[in-house]
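Work through the exercises below with the sequence and the model open. Each task is followed by a solution in steps.

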Amino acid sequence: AGSMSLAVGAWSRVSGDAMASTSRLGFAPAGYRGVRRTTRLDTVSAAESGALKEKGRGSQRGRGSGGRGNRSSGGRTGDASTSGRGGRGRGARDGRGRGKPSRSKQCSVDAVAEADAMTKSLDANADARDVGSVLADCKDVRSERASDAAWGLYQAAVKLGVVNRFNVRQHNFALGAVQMGPDGSKRSTEVWTNLAKSPAAPNGVTMALLARGLCRTSKDVIPTLGTLREGTSRGGVVDAYVLNVLLNACLRDVNGVTQKTPLGDAVKSNAREATLAVWTAGKGMHNERTLTSTIKVLAAIGEGDTAMKTFDEAFRDETPLDADCVGAALGILSGRANATGKSADVLQLYHRAQKSRELQMTTYCANVALAACSRDGNWEGALVLWRCMLAGTENAPRPDKASLASVILACGRSGRGDLAREAFEQGKASGVECDVVVVNVLLDACAKGDLHPGDALDVLMDAIENRVPVDACTIASLLTAYCGEQKNAGSDRSGNSADLVEQAFAIVELGRFLSVDPTPAVISALLRVCVTAGGLQRAAK
């Protein structure tokens, strides 16, 4: 089978097995944004002249927030060039004041009762604007009960022919109001069918509400794409927001939000097919959100390689990126199977995104790269990034305790306990928080390096002095540091073996004093010290 492509210029035929082939239909997100901007300007102008004001309620309900200014026309319209999703104008609004709402704060509570009352009293001559207003209030409640009440009102409006006088805004209120609950998809389909028969032309809000109403799981994505294709043929426009609604349905499936059982082959297959269909359909319209959702779904179903190919393709195509998107890609690249030895690739992606896109990277992004270095023992790459973070150069973020732990671990795994200790001191001097994880990895680095046992003991005492809690792993790591030193001590071992054993037992007692009871790991470490030092009698006890 072919695939349906929703592209900037047209719906076109594409290869693949995601969807059936479709005819070419106009699709222009840039034009859509222009139409919305023009419409908003015209509406604001009319509202400011008083032509569209009625009982203090705005004549339009916008799709979200824009600037803050006069708000009689819906949304927030301080800057006519901005637009969002989901807002509703209520009366005149000057400056940053809230203005006087046309309905009381109890409106959301009364919406169901109001819808039920209107359903009973509705007649064929009812004002479509009044019906739309009640449907809008039910939409705002966002509950199954309100959706049921809205559905009853809508059906009565259909039966009496009131729906025939709906404009697109009132159809949109109906779409948003009836979509809650298990029957929401079926109801949304009926509302769309009536809209498609009417003279009203769908718009961007219609497409967004359709996507939300029809698409509940990944199995719904491809049929919803077909409905959206029909909507674009009638003048509706799909943008990245709508595409992300579809992708979020796939994310819910693979993240287990709608699944109480582990992912099965059917769920993975549906999610993969739907995600790639949306990605192909939205070529030229994707943004950082749709890209992030796409690669997250693919990674969650075990398609890490496909996810990174998609990300690389989007990077080359100049798809908008942000630090969260890069962070997701870094995590996928770092977490792929056989990722050991790939820290250089993770660092390369981090620096490439930072420099070529001039992104202000987050600490999370840096920590993913540092964690990859810690797994590989890539202390050189870890220290370069660490020092940039400390100095604040190259748009590097500030480090946190996870950053410090990863750098120490990278140095420790390479046997560079000296560099681990140096990084620890740098972090302290820069105000980086230290916790038990940092202390433990530093003690582990001391054990693997050529540091004197006193260095490890200094680390523990410093932690105690700074009220950093310790645990059994702390005590075991300190004992291992002593044992490691004795392995390298050679001829000096016999002279101080008794002192070593006594110190080891003293460390265990210190742990008891700090409310850390000996665990099997602590006992094993203590036994190794005794055996290494020749204290077999103490070990037997």
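**Exercise 1.** In this predicted model, determine how many residues of helix α5 (residues 168-177) are buried and which elements they pack against.

Solution. 
- Step 1. Count the covered positions: nine of the ten residues of α5 are buried, so the helix is mostly covered.
- Step 2. List the buried residues: V168, Q170, H171, N172, F173, A174, L175, G176 and A177.
- Step 3. Look for the packing partners. The buried residues of α5 pack against α3 (128-141), α4 (144-160), α6 and α7.
- Step 4. Inspect the start of the helix. There, a side-chain oxygen of N167 comes to within 3.1 Å of the backbone nitrogen of R169.

**Exercise 2.** Locate S198 and decide whether it is buried or exposed. Then find what S198 touches.

Solution. 
- Step 1. S198 sits in the loop that runs between α6 (184-197) and α7 (204-214).
- Step 2. The relative accessible area of S198 is 11%. Buried means under 20%, so S198 is buried.
- Step 3. Follow the side chain of S198: it reaches the backbone nitrogen of A200 at 3.3 Å.
- Step 4. Set aside the neighbours within four places in sequence; S198 is then in contact with H171 and R234. H171 is one of the buried residues of α5.

**Exercise 3.** Find how many salt bridges the whole structure has. Then describe the one between K283 and E313.

Solution. 
- Step 1. A search of the whole structure gives 16 salt bridges.
- Step 2. In the bridge between K283 and E313, the closest N and O atoms are 3.1 Å apart.
- Step 3. This pair links distant parts of the chain, 30 residues apart: K283 is in the loop between α10 (265-281) and α11 (288-300), and E313 is in helix α12 (residues 304-316).
- Step 4. Compare each value with the limits of 20% and 50%. K283, at 33% relative accessible area, is partly exposed, and E313, at 23%, is also partly exposed.

**Exercise 4.** Describe the salt bridge between E318 and R357 and state how exposed each partner is.

Solution. 
- Step 1. The closest N and O atoms of E318 and R357 are 3.9 Å apart.
- Step 2. The two residues are 39 apart and link distant parts of the chain: E318 lies in the loop between α12 and α13 (323-335), R357 in the loop between α14 (343-356) and α15 (363-376).
- Step 3. E318 has 57% relative accessibility, and because exposed means over 50%, E318 counts as exposed.
- Step 4. R357 has 17% relative accessibility and therefore counts as buried.

Definitions and conventions:
Residues numbered from 1 in each chain as written. Predicted model: local features only at pLDDT ≥ 70, side-chain atom pairs only at ≥ 80, totals over all residues. Heavy atoms only, no water. Helix = DSSP H or I, 4+ residues; strand = E, 2+ residues; numbered from the N terminus. Buried < 20%, exposed > 50% of the residue type's maximum accessible area, 1.4 Å probe, protein only. Polar contact = N/O pair within 3.5 Å; in protein donor to acceptor, adjacent residues only side chain to side chain. Contact = heavy atoms within 4.5 Å. Salt bridge = Lys/Arg side-chain N within 4 Å of Asp/Glu carboxyl O.
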